[in-house]
Amino acid sequence: MWDAEIRGMASAHAIIASSVFMATVMPAVLVEKFSVYGTHLVWLYSVAGSVAVVNIAVYWLLGIGPPTKKNTLSYKVSRLIRSCLYFLFSCLFFHTVVVLYGAPLLESAVETFSLAVLLSTLTTLRCLCILGPNVQAWIRVFSRDGAMSVWDTSLQITTGCSVVGAWLGAFPIPLDWDRPWQVWPISCTLGATIGFLTGLVAAPVWIHWHRKQLTYKIK
């Protein structure tokens, strides 16, 4: 059972990781003079959109997510609306946090909010796919020993890696190296994306390595 769960997770993560690669390659073919640095916002939203679509599709096909007690159309619409609102609140939350950490308040506001959208896509969207719009479940998963499945553990790892990656990406910005990737918020978005990819790889490896110590029940 453990091996099947881990293999399924590794396959899902490989597909999601490939979406980042495709989001970088496809615009290079379709958009004139496309580059990660020169047309950074195009690349950022390409990655965010691709990861969002693939995440939703993969977890829906795998049936990963909280069981629903109601199957009525009104309940599904309400759930969708709440998920969209949670995502919007997450973008505003990350935007506020980034500003509090030193990002310009008014200058480059679009770039700062775009970073918040990317971070929300890499973190909050996965919470919505796996846990649904349930704040109590989110608090449980991110509390100590709160994971109840391998997917909860993978969510902890990928979320942590994405946020830490964005934080580490901010360190080179004030240095006087005069590199194109030091323009706000390129290094942070690259750091978040690299951290996310690292988490996708690390999660199944870590779970497989520590599977004997993990005692939660697999859903």
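Author: Gladly, and please keep in mind that this is a predicted model.

Reader: What span from first to last C-alpha is expected for α8, and what does the model give?

Author: As a general idea, an α-helix has 3.6 residues a turn, so residues three or four places apart point the same way. In this case α8 covers residues 186-209, which makes 24 residues, and reaches 34 Å from its first C-alpha to its last, close to the 34 Å expected at 1.5 Å a residue.

Reader: Where does UniProt place the feature "transmembrane region"?

Author: The unreviewed UniProt entry places that feature at residues 12-30, 42-62, 83-106, 112-132, 153-171 and 183-209. In the model, residues 183-209 are 89% helix and 0% strand, with end C-alpha atoms 39 Å apart, while residues 112-132 are 90% helix and 0% strand, with their end C-alpha atoms 26 Å apart.

Reader: How many helices and strands are there in the protein chain?

Author: The protein chain has 8 helices and 0 strands. Its radius of gyration is 18 Å, close to the 17 Å that the globule rule gives for 219 residues, so the chain is as compact as a globular protein of that length.

Reader: What share of the residues counts as buried?

Author: Taking buried to mean under 20% relative accessible area, 43% of the 219 residues count as buried. The chain exposes about 12,400 Å², of which carbon and sulfur atoms supply 69%.

Definitions and conventions:
Residues numbered from 1 in each chain as written. Predicted model: local features only at pLDDT ≥ 70, side-chain atom pairs only at ≥ 80, totals over all residues. Heavy atoms only, no water. UniProt positions renumbered as here; feature names shortened; annotations may be inferred. Helix = DSSP H or I, 4+ residues; strand = E, 2+ residues; numbered from the N terminus. Expected span 1.5 Å × (residues − 1). Rg over C-alpha atoms; globule rule 2.2 N^0.38 Å. Buried < 20%, exposed > 50% of the residue type's maximum accessible area, 1.4 Å probe, protein only. Areas by Shrake-Rupley, 256 points an atom, 1.4 Å probe, with all protein chains shown as cover.
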